[in-house]
Amino acid sequence: MKDLVHIFELEDLLQEANNALIRQAKADGKRVLGYTCYFMPEVLLDLPGCVSCRLRAPRSTSPDMATYYMSNRTCMYGRCLLERALEGGFNFLDAEMATETCTVTCRFQEHLQMMDIIQNPDFFCEFTDVPFKKNDNSIDHFETQLKAHVLDKLKEHFGIDTSDAALLKAIEEHNEICRLITEIGSYRKLDEPTITGTEFSIIMLATLVCPKYLIIDKLRDIAEELKTRKPDAKKNYRCKVVLAGSEEDDPNFVKLIEECGALVVADRHCYGSLPGREEIVVREGETPLRAIARHYLETSQCPRFMDQHVMRERKQHLADIVKEYKADGIVISQMKFCEYWSYERTIDTLIFPRDFGIPVCSIEKEYVNNAVGQLRTRFQAFVESIELKHIQNAQKGVTA
Amino acid sequence: MKGFLRFLKKLFGICAVIYGILFVVFYWDLDGKFMYYIWEPFMVKRFDNMKREDNTKIPYMKKDILEPREYTEIY
Amino acid sequence: MKLNMKDIKAKYRELFVVEKAPEDKNKPKDIKKMARDFWYGKPHEERRLGDLYVGDTGLYKHREWRGLPDTMYYFNMVWLYNYAHMVTDIIKYGDGPMGLIDFAKGTMRYRWMGQTYLTVMHWFDRGMEGMRGEAMKASAWHYRGMVSETIRQFQEMFIADKKMHGGKEGKHYDKNIAHNETVGGSFFYPFRGQLEDIPLEMIPYFVSVHVNSHTVLNYIDAAQSIGLPSDPCPMCQAEYGLFVHDDYPDFAPAMVTTNEACDGSVATSVLQDWFLDRPLYALPQPMRYDDPLVQKNHQKEIEQCWKFIEDQYGVKFDWDTYVKTAQSFNKLTEFEWEKWDVAANTPYYPISGVAQALYRIYYSQDGDRPIWHEMDEHVRKIMNKTVKNKIETFPKTRHRAIAWSCAPLYYSHWCTWAYNCWGINCVINMDSLMFDQYLRTDTYENALEDLSWMNEKAPMRAMAVGGQEHILSLFDYMERFNCDMVIMYDQLQCKGMQGIHGVFEDEFRKRNIHAIWVPHALPDKRTVSRKEIRKIISDYMTTVMHEEPLDPTLVEFDDDKSW
């Protein structure tokens with residue numbers, strides 16, 4: 001396929017956290033607010049006057065200083081973020097809007113809070129408590145937390161307008177991004193997708209780490225181009241897969257899977273769009289903040305949720321994605337030392353092939369992906385096993 | 001009376017012997033040695049060879065889909 | 001196999017004969033000293049406790065001679081008393097003599113039972129090694145309480161257990177509610193008398209590790225055998241392994257679970273749902289628990305949990321029972337504070353570090369039960385005596401230590417060793433400081449508020465979550481308990497503690513505090529052995545502190561195969 005418009009530009013923007021557009025937003029007088037987790041509603045951090053920036057530590061190598069502070073037995077994502085912060089790579093942040101949603105990112109953010117790491121006199125780090133359930137009580141709680149620990153703090157520190165009108169405007173702009181990403185992502189559902197997983201991953205990540213008002217035009221151009229984009233005459237993949245799992249912010253990892261012959265057609269992981277790019281609906285009689293609190297709890301598919309029916313629905317949801325995106329299997333990827341996904345991956349690996357008939361490639365990886373050769377072998381074997389399955393099914397079909 | 005005293009004496013004697021034996025068991029850690037060298041290996045063998053249900057074969061998704069109840073529902 | 005006299009003699013020597021110390025071999029007999037040693041036991045420095053072990057088994061060639069009064073006390077009031085009470089408890093809590101049959105069936109059915117519980121007297125031995133007088137007595141009472149409560153719980157489970165009754169519900173099945181071992185018993189106070197709340201993994205996993213560290217390895221291996229990585233918290237792994245191994249009793253129709261104390265605990269909920277396949281209520285507790293805004297949410301969750309119980313069991317929330325039970329529990333809390341006061345401010349505290357920590361975590365997690373009050377009365381009398389008569393209970397104390405973070409379950413008795421070998425007296429543990437909350441019962445609102453608070457300060461989570469200031473409160477507690485040394489447990493798989501490792505290093509240096517890092521893997525002794533832990537402490541004591549051991553035979557010995 002022809003190179004997608006803006007794709008190299010967006011890829012460039014992913015090479016550092018303090019990218020050109022973040023710098024431009026700072027020059028425009030915006031406050032840059034860091035966060036690490038989907039449970040911190042980015043829409044609130046994109047209120048007029050500020051921009052959200054989901055933290056990544058691209059081009060990390062060995063996080064030596066962070067390993068001193070957090071040992072080498074913690075998730076490398078958390079450690080690489082701390083290393084980048086200690087190196088001065090996050091000094092552009094005006095605030096870190098933190099959540100205690102998984103242990104290691106929490107500890108990373110606590111380090112920002114207790115040590116004088118971010119060299120910005122205005123910097124503060126504020127924690128929000130996030131519930132573990134999806135009930136009405138949880139929404140009340142989350143709404144209260146977001147008001148006290150996000151809106152009130154932004155107003156207090158930076159004079160940000162947090163009125164309902166401002167929130168509605170932020171929701172509108174956020175929804176525009178969501179609509180575009182959903183549209184762009186929908187081409188992955190085609191029998192022969194006209195966008196690759198790598199391309200989509202770059203676009204999706206760019207929306208998380210760049211000021212939205214500075215990339216929305218690019219997204220429109222991409223969406224426009226995709227309307228007429230044609231798939232390659234000769235299919236250059238052997239099967240389609242869903243990438244599910246924990247934190248994943250490296251398009252090169254998606255590229256690796258695709259180089260092995262598996263086109264990544266859906267992204268159900270921490271930095272993915274399923275969930276992540278659903279529009280926020282403000283119901284009648286609902287305040288915008290309430291709608292935001294409800295939206296993020298309702299849409300999240302995090303293994304952190306504990307309600308019994310939600311745990312079961314989570315499995316069904318993933319199986320539905322596989323069906324909707326016409327995938328042949330799931331790659332479940334877990335960041336090493338992520339406790340939530342250790343268990344989730346284990347159980348998914350057992351359940352999906354047996355209960356849903358969906359093949360699973362189950363992998364554990366580091367944030368800095370050094371084990372490329374090993375992973376390549378795993379993916380190639382997985383692709384071959386799917387092909388074999390197809391051949392066997394076809395033979396069964398013939399004999400039947 | 002004499003018979004009763006003799007019985008008491010006998011009882012006391014038996015108790016004293018049992019007490020003495022128990023003290024020997026205690027002092028020389030015979031209970032520990034019995035558990036360690038005889039009981040535990042026997043039990044390990046038993047439990048290692050015991051037939052067990054393979055719980056991982058329980059189909060998770062074939063279970064009844066739970067209805068969200070009042071205490072879990074989003075209104 | 002052919003046995004000859006030589007082998008028998010060698011075996012006899014291995015199992016029963018304590019070799020004399022080289023320096024004692026040619027010493028002339030001192031009758032006066034022998035008589036003194038017979039009556040009082042040998043002085044600390046001459047005990048040579050390490051010589052008593054049979055190879056690497058942890059068994060004793062003979063149990064320690066503590067002097068006539070203390071040995072006879074230990075024999076009568078600890079060894080005999082507890083063996084006898086183990087039988088009577090089995091009958092008492094098993095609804096009469098039939099309880100013996102349930103006990104026997106359970107022993108033959110469950111590994112954690114058959115392989116573990118009969119070795120319980122060795123758990124006492126390890127916990128009370130080298131102890132004398134009032135310290136030995138008070139600590140033994142705490143152990144006795146834990147054993148009795150353990151028997152009550154497993155008998156309750158066995159009576160109802162479907163697996164032991166041919167797949168049919170046993171007696172009281174529909175009156176039992178199972179809960180994750182990290183759900184506090186206090187949540188069930190309003191239903192005490194109507195229902196029996198029993199933690200599912202407390203006995204099969206948590207208690208069994210302390211008594212016999214061999215058993216749990218099977219469960220950890222079982223968990224990893226189906227693909228779980230080895231790095232998640234081994235406590236959660238072991239809980240999970242119980243299900244994989246089909247070694248959990250099926251004694252209740254519904255279960256309550258929680259997010260306490262970490263991500264791993266949250267993650268195991270899905271497995272509980274999968275394997276148990278019955279109504280499961282999640283009772284999560286807020287992470288940022290200091291925030292006044294989170295309280296309402298948690299209180300509502302508790303109320304919803306009570307509603308879940310009412311719906312499942314057709315029972316009613318009983319305010320009077322709650323008040324009665326909470327008030328009764330408050331008495332335990334009051335005595336705990338008294339104990340802390342004595343421990344912090346005097347050398348007369350009669351409870352060893354291990355007895356203090358285990359008893360505290362056990363009873364406060366379990367909630368109010370008559371046995372705790374009974375035990376506290378015994379200990380109170382002893383403590384009153386030591387304070388009144390100014391009896392120094394650990395007279396060889398060189399350092400008063402505080403143990404921080406989660407402790408190695410397979411080596412809970414390290415405190416005993418540290419005192420015997422180096423004079424390190426572990427005055428208080430982090431786990432002892434949990435649930436530090438008085439329960440008000442004047443109004444429903446106050447009661448709910450305090451209940452919520454108490455459980456937000458449950459084991460581990462009180463210090464490990466909700467902000468770094470909680471875990472760094474170590475330094476305040478150090479001051480409060482007059483400690484000059486920190487034993488810093490370094491649980492290799494605890495992400496929360498690993499994630500703040502460097503900050504502690506910085507703080508120790510800044511404050512010039514002697515801190516010994518003790519790596520361990522909670523229940524899994526294969527990752528870091530007891531011997532390695534001892535070596536780390538001994539190396540620190542010789543190379544940094546430049547001290548001589550009180551008992552040199554304890555510096556290096558092998559106990560790799562011990563319980």
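**View 1. Strand 1 and strand 3 of chain C run side by side.** In this predicted model, strand 1 (residues 176–179) of chain C runs parallel to strand 3 (residues 255–257) of chain C, and 2 bridges join them. Ala178(C) has Met255(C) of strand 3 as its bridge partner. Strands here are DSSP runs of E with at least two residues, helices are runs of H or I with at least four, and both are numbered from the N terminus. Two strands pair if DSSP finds at least two bridges between them. Strands of a sheet pair through backbone hydrogen bonds, either parallel or antiparallel.

Residues are numbered from 1 along each chain as its sequence is written, while chains are lettered from A and ligands numbered from 1 in the order in which they are written. Because the model is predicted, local features need pLDDT of at least 70 and side-chain atom pairs count only at pLDDT 80 or more, whereas totals for chains, interfaces and linings use all residues.

**View 2. An open sheet in chain C has 4 strands.** Their order is 2-1-3-4, and the pairing is parallel. Strand 2 (196–199) and strand 4 (280–282) of chain C stand at the edges. Each has a single partner strand, so one side of each has no neighbour in the sheet. From one strand to the next, the twist averages 25°.

**View 3. Strand 7 (residues 329–335) of chain A is buried.** Of its 7 residues, 7 are buried, so the strand is largely enclosed by the rest of the structure. A residue is buried if 20 or more other C-beta atoms lie within 10 Å of its own, exposed if 12 or fewer, and partly exposed in between; C-beta atoms are placed from the backbone. Gly329(A), Val331(A), Ser333(A) and Met335(A) point one way from strand 7 of chain A. Ile330(A), Ile332(A) and Gln334(A) point the other way. In a regular strand the side chains alternate between the two faces of the sheet.

**View 4. Strand 7 of chain A pairs with strand 5 and with strand 8 of chain A****.** Strand 5 (residues 239–245) pairs with strand 7 in the parallel sense over 5 bridges. Here Gly245(A) stands opposite Ser333(A). The pairing of strand 7 with strand 8 is also parallel, over 6 bridges. There Val331(A) stands opposite Cys361(A).

**View 5. Helix 8 and helix 9 of chain A pack roughly antiparallel****.** The axes of helix 8 (residues 164–186) and helix 9 (residues 197–209) come within 11 Å and cross at roughly 175°. Axes are lines fitted to C-alpha atoms, for helices over the stretch in contact, and angles run from 0 to 180 degrees between N-to-C directions. Angles over 145 degrees count as roughly antiparallel. Helix 8 of chain A contributes Ile177(A), Ile181(A), Ile184(A) and Gly185(A) to the contact. Helix 9 of chain A contributes Phe200(A), Ile203(A), Met204(A) and Thr207(A). Two residues are in contact if their C-beta atoms, placed from the backbone, lie within 7 Å. By class, this contact has 6 nonpolar, 2 polar and no charged residues. Ala, Val, Leu, Ile, Met, Phe, Trp, Tyr, Cys and Pro count as nonpolar, Asp, Glu, Lys and Arg as charged, and the others, Gly among them, as polar.

**View 6. Chain A meets chain C****.** Here 41 residues of chain A are in contact with 44 residues of chain C. Helix 14 of chain A gives the largest share of chain A's side, 9 residues. That side divides into 18 nonpolar, 12 polar and 11 charged residues.

How values were computed:
Angles under 35 degrees count as roughly parallel, over 145 as roughly antiparallel, 65 to 115 as roughly perpendicular and the rest as oblique.
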